[in-house]
Amino acid sequence: TVSVAIKSYAGRTAMVFGALEARGESSVDLTKARTLIYVLVAAGWTPASDKANTVTLRRGNDQRVIGLKSLLLGNSNSNPEINPGDLVILNPASPITVSGGVNRPLSFTIGVEDRITIYDALMRSGGLSMVSNPNHVRIVNPDGASSAINLLEVIKGSHLSDSPYIYAGQTLVIPELKNHVYYAFGMTAKSGAFESRAQLTI
């Protein structure tokens with residue numbers, strides 16, 4: 001897990017623990033600055049890290065979750081002062097998983113972002129395989145609930161930036177067919193997906 005624990009030391013410093021890139025712990029001087037982003041950066045966290053996307057700040061019996069994206073965008077409400085004795089936890093980013101009929105099934109995290117387009121997720125996984133069935137793709141939530149999409153419509157869309165989003169923690173499941181599937185778009189008599197039991201050579 002990726003965590004940062006802050007403890008007071010003579011009321012002036014904070015000890016920061018956790019999987020923060022190369023260092024496992026760091027003493028942060030709170031007399032120089034006490035904002036959350038200062039403490040995180042001083043402890044070794046970098047905005048380019050893909051290990052976390054939220055921070056949990058615990059102060060006594062109070063607790064709040066802060067999005068790192070909001071923090072980096074300069075939202076003052078997302079950058080509170082840290083007091084000695086506070087506990088700050090960098091929550092591990094939930095992965096996005098692409099499984100089934102793709103060339104490179106994988107899971108990946110996207111850092112401070114919480115979503116990417118389905119088209120981008122498909123490109124990261126090497127594109128559709130020859131046995132994929134893009135007509136009945138499911139997006140599965142962490143609680144098991146799912147929704148169906150027609151991935152062919154996404155692929156054929158003229159504006160790929162309008163592709164639906166997949167969020168951190170979700171799984172994109174692309175079913176597979178026993179037959180090979182070929183896709184034809186552009187200057188063809190008929191566009192779409194076609195099945196064949198034999199592998200074609202073009």
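In which loop is the place of Ser49? Ser49 sits in the loop between α1 (36-42) and β4, in a predicted model where local features need pLDDT of at least 70, side-chain atom pairs count only at pLDDT 80 or more, and totals for chains, interfaces and linings use all residues. Residues are numbered from 1 along each chain as its sequence is written, and side-chain values use heavy atoms, with hydrogens and water left out.

**View 1. The open sheet β5-β4-β6.** Three strands make up this open sheet with antiparallel pairing, where strands are DSSP runs (E, at least two residues), as helices are (H or I, at least four), numbered from the N terminus, and two strands pair if DSSP finds at least two bridges between them. Because β5 (62-67) and β6 (87-92) stand at the edges with a single partner strand each, one side of each has no neighbour in the sheet.

**View 2. Pairing of β4 with β6.** Strand β4 (residues 52-59) is joined to the antiparallel β6 by six bridges; Ala52 has Pro92 in β6 as its bridge partner.

**View 3. The whole protein chain.** The secondary structure comprises four helices and 15 strands, and 38% of the 202 residues count as buried.

Definitions and conventions
Buried < 20%, exposed > 50% of the residue type's maximum accessible area, 1.4 Å probe, protein only.
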